Amino acid sequence: MGIEKEVKAIARENGAALVGIASRERLADAPPSADPGYLLPATRSIVSFAVPLDRKTIRDYLSKKEWLSHGNNQKSIYQKLYTISDRVSDFLKGKGYDAVGIEANSVYRPEDGTTEAKTVSGLGLRVDLVPDFSHRFGAVAAGLGRLGWSGNLMTPQFGSAVFLATVLTSAEMESDPLIEEDPCDKCKLCTTVCPVEMVSNKQTMSVTIAGKEHSYGRKGHNARCIIGCAGYHGLAPNKKWSTWSPFRVDYPFSDNVADVIDLSRRVRSADPDRQGTR
């Protein structure tokens, strides 16, 4: 059994539904957040893996039928991803290679001239949220899926209802085939359900991965996502429905990035649960 098969077997044994491998070269023209050398200069390959979310708990959550199961499902998936990362990294290190497991949605690069990376719990009023490594770009390079209109990874098997993690390694491994057929049908439902209008329904942006250009809906500044995904606003633009969030900010959102950043910092400053996190 080659090292690629052993790595994939370990990932699957610990709960990965999808596993793919990509060479570092496939990310040579990708955005800076997809540079594996930021964490491991000796990187020669990346291992990307995905665990799907439970669809029933998603439906119950979105229909406001029940929210706790969806939260518990997410936590269990994150724990599973941490375990997979540890097991794959330990295996590669045992073979004499360098290996670094990257936590899912947990650590972001320093900003505002600081040198200390920040975890989710210690983000304070930061807004850029550039990850140590982009799991979605890595997953595209490793053949797990393609970027949907939302900019999120879409897989043929599970759509975009997956969580991702990555292991970087100095081991040179064979890359998996890329996904050629686009799983996204460009329905653009993502642009209508986001309460903070994070994704444009007309304008596009693009990245180059493995020599291929991938286009998706232009995304707003991450400060918008902080306001919506952190629960500070949940009302749909048409005001006909909302998420579980009880909080509201005024529409329309400003097109000025500085205004949105200021709003995100003000709502977080007013949050009693975040006092003292600056």
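**Exercise 1. The cavity**

How much space lies in the largest cavity? Determine also which residues line the largest cavity.

*Solution.* The structure is a predicted model, in which local features need pLDDT of at least 70, side-chain atom pairs count only at pLDDT 80 or more, and totals for chains, interfaces and linings use all residues. Residues are numbered from 1 along each chain as its sequence is written, and side-chain values use heavy atoms, with hydrogens and water left out.

Step 1. On a 1 Å grid over the protein atoms alone, a cavity is a set of points where a 1.4 Å probe fits but cannot get out. Points are joined across faces, edges and corners, and a volume is the space filled by probe spheres set on the points.

Step 2. The largest cavity holds about 60 Å³ of space.

Step 3. Lining residues have an atom within 4 Å of a point. For the largest cavity they are Val140, Gly145, Arg146, Leu178, Ile179, Glu180, Ile209, Ala210, Lys212 and His214.

Step 4. For the classes, Ala, Val, Leu, Ile, Met, Phe, Trp, Tyr, Cys and Pro count as nonpolar, Asp, Glu, Lys and Arg as charged, and the others, Gly among them, as polar. The lining of the largest cavity then divides into five nonpolar, two polar and three charged residues.

**Exercise 2. The second largest pocket**

State which elements give two or more residues to the lining of the second largest pocket.

*Solution.* Step 1. A pocket is an open set of points with protein on both sides within 12 Å along at least five of seven lines. The second largest pocket contains about 370 Å³ of space.

Step 1. Its lining comprises 18 residues, of which Glu197, Met198, Gly220, Arg224 and Asp255 are the closest to the centre.

Step 2. Helices (H or I, at least four residues) and strands (E, at least two) are DSSP runs, numbered from the N terminus.

**Exercise 3. Salt bridges**

Count the salt bridges, and describe the one between lysine 212 and glutamate 180 and the one between lysine 56 and aspartate 60.

*Solution.* Step 1. A salt bridge is a side-chain nitrogen of Lys or Arg within 4 Å of a carboxyl oxygen of Asp or Glu. This rule gives a count of seven.

Step 1. Lysine 212 and glutamate 180 meet at 3.6 Å, N to O. Because lysine 212 lies in strand β10 and glutamate 180 in the loop between β8 (162-169) and α5 (189-193), the pair ties together parts that are 32 residues apart in sequence.

Step 2. Relative accessible area (1.4 Å probe, protein chains only) defines buried as under 20%, exposed as over 50%, and partly exposed as in between. Lysine 212 is partly exposed at 29%, whereas glutamate 180 is exposed at 56%.

Step 3. In the pair of lysine 56 and aspartate 60, the closest N and O atoms are 2.7 Å apart. Both residues belong to helix α2 (residues 55-62) and are four residues apart, about one turn of the helix. An α-helix has 3.6 residues a turn, so residues three or four places apart point the same way. Lysine 56 is exposed at 52%, but aspartate 60 is buried at 12%.
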